[in-house]
Amino acid sequence: MSSHILVLGGTADARELAAVLAARDGVRVTSSLAGRVTRPGALDGDVRVGGFGGAEGLASWLREHRVDAVVDATHPFAEAITRNAARAGAATGVPVVVLRRPGWRPVPGDRWHPVDSLHAAAELLPRLGRRAFLTTGRLGLASFAHLTGTHFLVRSVEPPEPPMPPDTRVVLARGPFTVPGEKELLRAHRIDVLVTKDSGGAATAAKLSAARELGLPVVVVRRPPLPPELTAVPDVTAVLERLGRAAPPTPPRPPDGGAADTCP
Ligand code: NAP
């Protein structure tokens with residue numbers, strides 16, 4: 001008997017999971033992408049692109065395509081799709097497993113300033129520095145657009161669009177990044193404060209080590225809470241256990257070795 005798993009994606013973890021599931025006998029995997037990124041990279045299994053039309057649209061899709069389980073492997077800050085997955089799961093009875101890599105933890109020497117939102121990060125920022133490295137994704141730039149006295153170095157996968165702060169320099173890049181590379185970037189742009197979401201994962205963690213080594217403050221935006229009816233597991237192996245399947249001893253690497261998210 002075959003089963004159909006829908007993976008809500010847009011992250012490196014989702015790509016890895018799709019590769020593992022697609023390699024299994026009797027499993028059909030469909031990855032779903034929001035469609036924000038022009039070149040999302042190859043994915044194993046079937047792929048669909050674009051919104052479902054809210055929780056009701058997702059519920060209809062699950063019924064129509066006879067989905068047996070949903071894995072929400074979206075980015076920890078993609079709140080709306082996770083809320084929709086919870087609702088659609090409740091409406092259809094299709095189980096929803098949430099894959100969330102653990103958040104980052106500060107270590108001695110870190111100068112972290114945790115905040116609850118991008119808005120709060122923008123409020124705090126002018127008190128910490130005047131030249132900020134902003135890695136919160138191009139869609140979050142609007143929260144900082146009113147800050148006229150701060151120079152921003154913005155890194156994103158796709159070119160950002162206004163609104164954005166008036167004094168902004170953009171670098172287009174996709175991880176993984178290295179500590180020496182991040183230190184060089186911070187030094188070259190005379191950065192005195194870093195702003196990041198608590199995305200977790202190794203691919204983009206080097207900036208935190210670089211900031212620590214240079215003694216820079218870091219504004220860390222905390223993750224939004226999961227809907228109460230959902231609980232998260234930390235990795236692909238745990239997802240497979242939740243789905244009731246034994247994990248392979250060594251999961252295959254994702255097709256392009258990609259370790260960074262398909263950041264919107
Ligand atoms: P969001 O605010 O949670 O979602 C907004 C809407 O986009 C959803 O209601 C849904 O539309 C659609 N959508 C989102 N993810 C989808 C998916 N995987 N498949 C189909 N439709 C999806 O999400 P977001 O923060 O804009 O992020 C968009 C995508 O980028 C996510 O898939 C996420 O994994 C990835 N990403 C996000 C971040 C981040 O910082 N937010 C970083 C890296 C990657 P409908 O209501 O019409 O279904």
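Which residue lies over the face of F177, and at what distance from the ring centre? I looked this up before anything else. R155 lies over that face, at 3.6 Å from the ring centre. My rule for a charge over a ring is NZ of Lys or CZ of Arg within 6 Å of the ring centre and within 35 degrees of the ring normal.

**Ground rules**

I am working on a predicted model, where local features need pLDDT of at least 70, side-chain atom pairs count only at pLDDT 80 or more, and totals for chains, interfaces and linings use all residues. Residues are numbered from 1 along each chain as its sequence is written, and side-chain values use heavy atoms, with hydrogens and water left out.

I take helices (H or I, at least four residues) and strands (E, at least two) as DSSP runs, numbered from the N terminus. I call a residue buried under 20% relative accessible area, exposed over 50%, and partly exposed in between (1.4 Å probe, protein chains only). Contact means heavy atoms within 4.5 Å.

**Around F52**

I searched the whole structure for aromatic pairs and found 2. One of them is F52 with W61, edge-to-face, at 5.8 Å centre to centre and 75° between the planes. The rule takes rings of Phe, Tyr and Trp (its six-membered ring) with centres within 6.5 Å; planes under 30 degrees apart are stacked, over 60 edge-to-face, and the rest tilted. I checked burial next: F52 is buried, and so is W61. The charged end of R48 sits over the F52 ring, 3.8 Å from its centre.

**Helix α1**

I moved to α1, residues 12–22. This helix is mostly covered, with 9 of its 11 residues buried. Among the buried ones I noted A12, L17, V20 and L21. What do the buried residues of α1 pack against? I found β1 (3–8), β2 (27–33), β4 (69–72), β5 (96–99) and α7 (236–242).

W61 brought me to α2, residues 54–64, where it is one of the buried residues.

I then looked at α2 against α3. They pack at an angle of about 50°, with their axes 8 Å apart. Axes are lines fitted to C-alpha atoms, for helices over the stretch in contact, and angles run from 0 to 180 degrees between N-to-C directions. The two helices are therefore oblique to each other. The cut-offs are under 35 degrees for roughly parallel, over 145 for roughly antiparallel, 65 to 115 for roughly perpendicular, and oblique for the rest. On the α2 side, G54, A55, L58, A59, L62 and R63 make the contact. On the α3 side I listed N84, A85, R87, A88, A91 and T92.

**Helices α5 and α6**

Helix α5 (residues 179–188) and α6 pack at about 60°, with axes 8 Å apart. That makes α5 oblique to α6. This crossing is right-handed. V179, E182, K183, L186 and R187 of α5 meet residues of α6, including A206, A210 and L214.

**Loops**

Is T150 buried or exposed? T150 counts as buried, at 3% relative accessibility. I found T150 in the loop between β7 (131–134) and β8 (151–156). T150 touches L125, R130, A132 and D167, leaving out residues up to four places away in sequence.

G201 sits in the loop between β10 (193–197) and α6 (206–214). G201 is partly exposed, with a relative accessible area of 27%. R101, P102 and W104 touch G201, again not counting residues up to four places away in sequence.

I looked for cis peptide bonds. One joins P162 and P163, with omega about 0°. P163 is in the loop between β8 and β9 (168–172). Another joins G175 and P176, with omega about 5°. P176 lies in the loop between β9 and α5.

R66 has a phi of about 50° although it is not a glycine. R66 is in the loop between α2 and β4, and counts as exposed at 70% relative accessibility. R190 also has a positive phi of about 50° without being a glycine. R190 is in the loop between α5 and β10, and is exposed at 57%.

Methods:
Left-handed = near helix turned anticlockwise from the far one by under 90°.
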